[in-house]
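This note comments on a structure in numbered points, each of which takes up one topic. Please keep the sequence and the model in view while reading.

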Amino acid sequence: MNIRLLLYAFIGILAAFLLTGVASGWSSLLLILENEGIYSEECVDAYFPVDKEEKSIENENDTINPCPKQIAKLNLIFTIGSTFNTLSSLPMGILLDKWKEKKMFNFGCVLFCISCLFASSGKSWGYLMSYILFGIGTPAIFLALLKGTRSFPKEWVSIMIALLNSSYDASVFVFTVFKMIYDRWSGIRTIFLVFSIVPILFSITTLFWPLSKEEEENSASSTESKEKKEEKNPFIRFIGRDAFEASKSRLFVFLLLYNMINMLWFNSTLGTIDYQLRSKLGESLGLKAAEIFGFVLPIGFIAGPFVGTIIERIRSSYSFFFITLLYILISSLNFVPVYEVQIFNFILFTFCRAYYYSVLAAYTIKQFGFETFGRLFGLLMFGAGIFGMLQTPLIWMSVDYFGGNFIPYNIFQLASHIFLLSFPVYVWMKERTEKPSAYSALSLELNET
């Protein structure tokens, strides 16, 4: 790769780390909001750690009895934000295929900046509006970066996708850093205000992106011949077809179902991890484990290069088998109320989440190509957003109806992951009956560009 591409790769990875997945660092921000007393007026006995020294040592290991109304309202911020994040992926994907990468990236950066300004108000409505705009802006940034990987040589595409997805996972560390600064100096409003400058700086870097020339060359010289070649190739099923036709295929429908169920548990786990740990381990150990979770989650970035290499070298069905079996193990370990086991489970969750998003993006591109990637990947996220609305009743059931007991929640989670084993079986059976080129849309497209 030339220097300009290396610089673009560095900027893309850094932007993904600082901007794309910050809203998923909810567990750290939640502790700040509790400390600020957000929604504490909902009930007199609401739990929020105003002063660590005020906690009774003798009650440190007791199971907590949080205020359901405060928990529900705080969690609603994250639920609404994550729902907007997934629902907006489809319109953002459609815009991406029309606007191309630079314009889409700049649009997302503007929304991100405004969301930080809302959060700097320090009001409950400000945090809610901030999460809504995070939910709309971050998919615009992330999808633009993912589609930008077509500028790289073929052998680097999977690695770049994995690095971007790993950076997305690692960006939850941003709110962990916020909490560290907050604990030392306080002033969450100032932190958000200063951070609003970051997306503007990244927006300026688009002046140096090597995409415009590449897009012009593609549209001017290769579109017509590319379409003709694709229409004559019997092994490429979806490239050259309308995205709507591709979305009606059995493969895409099964992939959509697989993604909807997985993302329901990803988002609900991130939204409730603080409460789950306090319920399982007691207040003191639960809070300690929740803080460690904020530090562990970003280490998925380390797995990025390895994940990219694995995706490039093994069949997709094996990747999906590995992910599903790993999540079955994670769901099983959720039943063990042991501090060390839960820390180990964090590490498994972190790696598996980074691997999952990388495989999902790479498989979508591999099967359907870059031209319809924005729309199809957006549709995958949109479907997950609709299905993700089940987070609210699931959380209500665990916190309110079962009085903070997450065992029924964990049973449902384990059963659904066992059911999902059917998808890698389906992909494996299709791979056995098809020639390799039948599922190599990515290779053809890269070779032709």
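1. A nonpolar patch is made of residues that have over 30% relative accessible area and no salt bridge, with nonpolar side chains (Val, Leu, Ile, Met, Phe, Trp, Tyr) joined within 5 Å. The model discussed here is predicted. In this model, such a patch on the surface is formed by L7, F10, L14, V194, I197, I200, L201, I204, L207 and F208, which together have about 980 Å² of accessible area. Two elements, α1 (3-20) and α10 (197-204), each give two or more residues to the patch. Of the elements, α10 gives the most, with 4 residues.

2. I197 is found in helix α10. Its relative accessibility is 48%, so I197 counts as partly exposed, since partly exposed covers the range between the limits of 20% for buried and 50% for exposed.

3. The next topic is the salt bridges. Side chains of opposite charge can pair when their charged atoms come close. The structure holds 4 salt bridges. One of them joins R150 and E101, whose closest N and O atoms are 3.1 Å apart. R150 belongs to the loop between α6 and α7, while E101 belongs to helix α5 (residues 101-119), so this pair ties together parts that are 49 residues apart in sequence. Both partners fall below the 20% limit for buried residues: R150 has a relative accessibility of 9%, and E101 has 0%.

4. Which residues form a salt bridge with an N to O distance of 2.7 Å? The partners are D183 and K179, whose side chains meet at that distance. These two residues are 4 residues apart in helix α8 (residues 173-185), which means that about one helical turn separates them. With a relative accessible area of 46%, D183 is partly exposed, whereas K179, at 10%, is buried.

5. A further salt bridge is formed by E431 and R315, and here the closest N and O atoms are 3.6 Å apart. E431 is part of helix α21 (residues 422-433), and R315 is in the loop between α15 (304-313) and α16 (316-333), so the pair ties together parts that are 116 residues apart in sequence. The relative accessibility of E431 is 4%, so E431 counts as buried. R315 is partly exposed, its relative accessible area being 34%.

6. Aromatic rings also deserve attention. The count of aromatic pairs comes to 38. In one of these pairs, the rings of Y8 and F152 have centres 5.7 Å apart. Why is this pair stacked? The planes of the two rings lie at 10 degrees, and planes under 30 degrees apart count as stacked. Y8 is in helix α1 and F152 is in the loop between α6 (124-147) and α7, so the pair ties together parts that are 144 residues apart in sequence. Both residues count as buried, Y8 at 5% relative accessibility and F152 at 4%.

7. Another aromatic pair has its planes at 90 degrees: the rings of Y131 and F134, with centres 5.8 Å apart, are edge-to-face. Y131 and F134 are 3 residues apart in helix α6, so they are separated by about one helical turn. Y131 is buried, and F134 is buried as well. Elsewhere, one aromatic cluster is formed by F142, Y168, Y258, F266, F320, Y327, F349, Y356, Y357, Y363 and F423.

8. How many disulfides does the structure hold? The number is 0. C109 is in no disulfide, and the nearest cysteine sulfur, that of C113, is 9.2 Å away. For C113, which is likewise in no disulfide, the nearest cysteine sulfur is that of C116, at 6.8 Å. A disulfide requires two cysteine sulfur atoms within 2.5 Å. C109 has a relative accessible area of 0% and is therefore buried. C113 has a relative accessibility of 14% and also counts as buried.

9. The last point concerns a serine. S167 is found in helix α7 (residues 154-170). Is S167 buried or exposed? With a relative accessible area of 0%, S167 is buried. A polar atom of the S167 side chain lies 2.8 Å from the backbone oxygen of L163.

Conventions
Residues are numbered from 1 along each chain as its sequence is written. This is a predicted model: local features need pLDDT of at least 70, side-chain atom pairs count only at pLDDT 80 or more; totals for chains, interfaces and linings use all residues. Side-chain values use heavy atoms; hydrogens and water are left out. Buried means under 20% relative accessible area, exposed over 50%, partly exposed in between (1.4 Å probe, protein chains only). A polar contact is a pair of N or O atoms within 3.5 Å; within protein, one must be able to donate a hydrogen and the other to accept it, and residues adjacent in sequence count only if both atoms are side-chain atoms. Patches are made of residues with over 30% relative accessible area and no salt bridge: like charges are joined within 9 Å, nonpolar side chains (Val, Leu, Ile, Met, Phe, Trp, Tyr) within 5 Å. Accessible areas come from the Shrake-Rupley method with a 1.4 Å probe; for residues, only the protein chains shown count as cover. Rings of Phe, Tyr and Trp (its six-membered ring) pair if their centres lie within 6.5 Å; planes under 30 degrees apart count as stacked, over 60 as edge-to-face and the rest as tilted.
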